[in-house]
Amino acid sequence: MKFVDEFRDKEIAEGLIRRIQKTSTRPIQLMEVCGTHTVSIFRYGIRGVLPEHIRLISGPGCPVCVTPNGDIDLAIALSRQKDTIIVTFGDMMRVPGSTSSLLKEKAEGRDIRIIYSSLEALKIVKEHPGKRVVFLAIGFETTSPTIAVAILRAEEEKLHNLFFLNSQKRVPPALIALLQSKQVKINGFILPGHVSTIIGINPYQFIAKEFGRPAVITGFEPLDILQGIWMLVKQIEENRAAIEIQYRRVVHEEGNPIALRKIDQVFEKDESRWRGLGLIPDSGYRFKESYKEMDVRNVDVEVEPPKEHPECLCGEVLQGIKSPLECRLFKKVCHPENPIGPCMVSIEGTCHTYFKYQ
Amino acid sequence: MCLGIPGRVVEIEKNVAKVDVGGLLRDISLDLCPDVSIGEYVLIHTGFAIQKVDEKEAEETLYLLIKMAEGI
């Protein structure tokens, strides 16, 4: 496939590895923020080919994993209401809430459907005019403009039975929280390529300016990741801290202004709760006044108090503090067929990736 | 969740493109990336084109990578 296969060339990869080995002298920890990076890093064995003193740690970049139990419980409570259809992206189905999951509720007969694109929600709304359709909308900035388009279309087409359980997240404020918490030492960030396709370079400038750390917006093929790591190593060895773009074929400094405008039309920044990281200022979105009637959080419904498995380390894994290998449940009780926490459910969850490749 | 794959635009009708993704044709919304032409590549995320793939930048990156990998 064009723009994919060229970036998997073995000989070039070997040359890049030699260059990293030659350039790097200091012990460092780099965080790959995005779960899609974690999957690529494991699939192509990148951890194993780096010098021992370069350690890669996985970050919170898995939207399914960071969705707090309270939101899953709310979706479950709503699914039990009369004439309600819940729609969401596939991975959310199996994430355990406090006492149930959407998949279990579906087996009990609730109307819960998987969609691939936000626009499919509009189709379902039109096909079921007498029902309330609730879109459990998760995702980072890559996905948010697609959800904004669905909201704008619903308004244009006067679809009054579509509601949103908005659990979207913004990446940069989570990085501030990680850097402020100081629980894990991060010498540089491998920044998410596709989030950055939308938001561009400026929202990350604080990483270099306020925290003095380098960061590189990186693509997802092995050569992209190796080049991104080399760019970080080079900055660290030269005592520099800047935000650089490796993934130039789809990331521009200004991001995607059309997509950013769509987000801005319907949402404004708001605090948001992340699994593991807690409540983070400006890390989510709330509806702007003129779209508030689509917010299902305004609906009165009784939700059970959230509780989590006391031994699940997903929260610590999401912050890079613990590795899945340190979890007592990993592989013993918790595996992809019986996930205890969301990090084992999502195909880009760190525990799932460790289970598959380690 | 943030998966994105490149595909080649083969047909455009209003704000929907038929995009060839590894041999399969898919209908892709151009709401977020309207300024594309037939033959160009777009990055696709959950049924939307979210950016054009810049062929020149891709070539420059590859050229740089080849140079970096040589003679070391």
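At 39% relative accessibility, D83(A) counts as partly exposed. The structure shown here is a predicted model. Most residues other than glycine have a negative phi.

K331(A) also has a positive phi, about 70°, and is not a glycine. The loop that holds K331(A) runs between α14 (314-318) and α15 (350-357) of chain A. Is K331(A) buried or partly exposed? With a relative accessibility of 44%, K331(A) counts as partly exposed.

## Strand β7 of chain A

Strand β7 covers residues 188-192 of chain A. Of its 5 residues, 5 are buried, so β7(A) is largely enclosed by the rest of the structure. Buried here means under 20% relative accessible area.

Which strands pair with β7(A)? One is β1 (residues 28-34) of chain A, which runs parallel to β7(A) and is joined to it by 3 bridges. In that pairing, M31(A) has F189(A) of β7(A) as its bridge partner. Another is β8 (residues 215-218) of chain A, also paired with β7(A) in the parallel sense, over 4 bridges. There, L191(A) stands opposite I217(A) of β8(A).

## Chain A as a whole

Chain A contains 15 helices and 11 strands. Its radius of gyration is 21 Å, close to the 21 Å that the globule rule gives for 358 residues, so chain A is as compact as a globular protein of that length. Along the principal axes, the C-alpha atoms of chain A fill a box of roughly 65 × 45 × 40 Å.

Of the 358 residues in chain A, 60% count as buried. Take the contacts of chain A with a separation of 6 or more: 76% of them come from residues 24 or more positions apart. The accessible surface of chain A is about 14600 Å², and 48% of that belongs to carbon and sulfur atoms. Chain A carries 48 positive and 45 negative side chains. The centres of these two sets lie 3 Å apart.

## Chain B as a whole

Chain B has 5 strands and 1 helix. What is their order along the sequence? The pattern is β-β-β-β-β-α. The radius of gyration of chain B is 14 Å, well over the 11 Å that the globule rule gives for 72 residues, so chain B is more spread out than a compact globule. Its C-alpha trace spans about 50 × 25 × 25 Å along the principal axes.

In chain B, 47% of the 72 residues count as buried. Residues 24 or more positions apart supply 30% of the chain B contacts that have a separation of 6 or more. Chain B exposes about 3600 Å², with 54% of this area supplied by carbon and sulfur atoms. The chain has 7 positive and 13 negative charges, and their mean positions are 2 Å apart.

Notes
Residues are numbered from 1 along each chain as its sequence is written. Chains are lettered from A and ligands numbered from 1 in the order in which they are written. This is a predicted model: local features need pLDDT of at least 70, side-chain atom pairs count only at pLDDT 80 or more; totals for chains, interfaces and linings use all residues. Side-chain values use heavy atoms; hydrogens and water are left out. Helices (H or I, at least four residues) and strands (E, at least two) are DSSP runs, numbered from the N terminus. The radius of gyration is taken over C-alpha atoms; the globule rule is 2.2 Å times the number of residues to the power 0.38. Buried means under 20% relative accessible area, exposed over 50%, partly exposed in between (1.4 Å probe, protein chains only). Contact means heavy atoms within 4.5 Å. Accessible areas come from the Shrake-Rupley method with a 1.4 Å probe; for residues, only the protein chains shown count as cover. Lys and Arg count as positive and Asp and Glu as negative; His and the chain ends are not counted. The place of a charge is taken as NZ of Lys, CZ of Arg, CG of Asp or CD of Glu. Two strands pair if DSSP finds at least two bridges between them.
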